[in-house]
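Colleague: I would like to learn how to read a few features from a model, taking the general idea before the particular case. Could we work through one together?

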Amino acid sequence: MCKKDYAKSIDKMIFPGIQGGPLVHVIAAKAVAFKEAMSEEFRTYQAQVIKNARRLSEELIRRGFNIISGGTDNHLMLVDLTKKNITGRDAENALDLCGITVNKNAIPFDEQPPTITSGIRLGTPCVTTRGMGEDEMVEIAEIIEEVVNNSKDAEELQRLKERALSLSRRFPIYQ
């Protein structure tokens with residue numbers, strides 16, 4: 001996987017450097033993953049992941065959220081919450097209470113420390129894997145907006161948790 005000039009150095013770095021044995025199970029897992037990635041089904045899935053991310057970012061922008069890059073052309077987005085008067089940590093915690101997993105994330109020139117942050121990072125592979133599409137991204141954006149706007153209202157968060165669970169039940173992990 002590299003030029004002959006570098007092969008010996010790279011081989012020594014890998015073994016015994018960072019890999020203590022051949023780890024045949026890992027090699028097999030990689031082979032299966034590469035084969036799957038070459039399939040048309042996987043290409044279709046990846047295209048849907050990106051469509052979902054674009055739709056989610058558009059819907060969040062429409063609701064007054066600031067997406068750092070102005071949108072997305074991949075599977076994730078970084079949301080600046082500064083204008084929403086909530087920290088990344090508080091948003092992460094409130095969304096988690098409602099069954100929505102995000103990561104607090106620093107934004108460019110963030111004035112908050114890394115343990116608090118001013119942003120959150122969202123991605124769409126998980127919901128796409130469940131079979132959700134662009135219509136569901138509208139509903140997810142709406143739930144996120146309501147959670148952020150009501151992050152200190154326990155009753156409202158419970159209602160939003162039920163709404164998020166209802167959406168998840170329509171798209172079970174195992175079918």
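This is a predicted model: local features need pLDDT of at least 70, side-chain atom pairs count only at pLDDT 80 or more; totals for chains, interfaces and linings use all residues.

Colleague: How many disulfides does the count come to?

Modeller: A disulfide calls for two cysteine sulfur atoms within 2.5 Å, and by this rule the count comes to zero. Cys98 is accordingly in no disulfide, the nearest cysteine sulfur being that of Cys126.

Colleague: Is Cys98 buried or exposed, and is Cys126 buried or exposed?

Modeller: Buried means under 20% relative accessible area and exposed means over 50%; Cys98 counts as buried because its relative accessibility is 1%, whereas Cys126, with a relative accessible area of 58%, is exposed.

Colleague: What span does helix H6 reach, and what would be expected?

Modeller: Helix H6, residues 134-149, reaches 23 Å from its first C-alpha to its last, which is close to the 22 Å expected for its 16 residues at 1.5 Å a residue. Among the buried residues of H6 are Met137, Ile140, Ile144 and Val148, and the buried residues of this helix pack against helices H3, H4, H5 and H7 as well as strand S4.

Colleague: Which side chain makes a polar contact with that of Thr128?

Modeller: Thr128, placed in helix H5, counts as buried at 7% relative accessibility, and its side chain makes a polar contact of 2.8 Å with the side chain of Asn52. Leaving aside residues up to four places away in sequence, Thr128 also touches Tyr45, Gln48 and Val49.

Methods: Residues are numbered from 1 along each chain as its sequence is written. Side-chain values use heavy atoms; hydrogens and water are left out. Buried means under 20% relative accessible area, exposed over 50%, partly exposed in between (1.4 Å probe, protein chains only). Helices (H or I, at least four residues) and strands (E, at least two) are DSSP runs, numbered from the N terminus. The expected span of a helix is 1.5 Å times one less than its number of residues. Contact means heavy atoms within 4.5 Å. A polar contact is a pair of N or O atoms within 3.5 Å; within protein, one must be able to donate a hydrogen and the other to accept it, and residues adjacent in sequence count only if both atoms are side-chain atoms.
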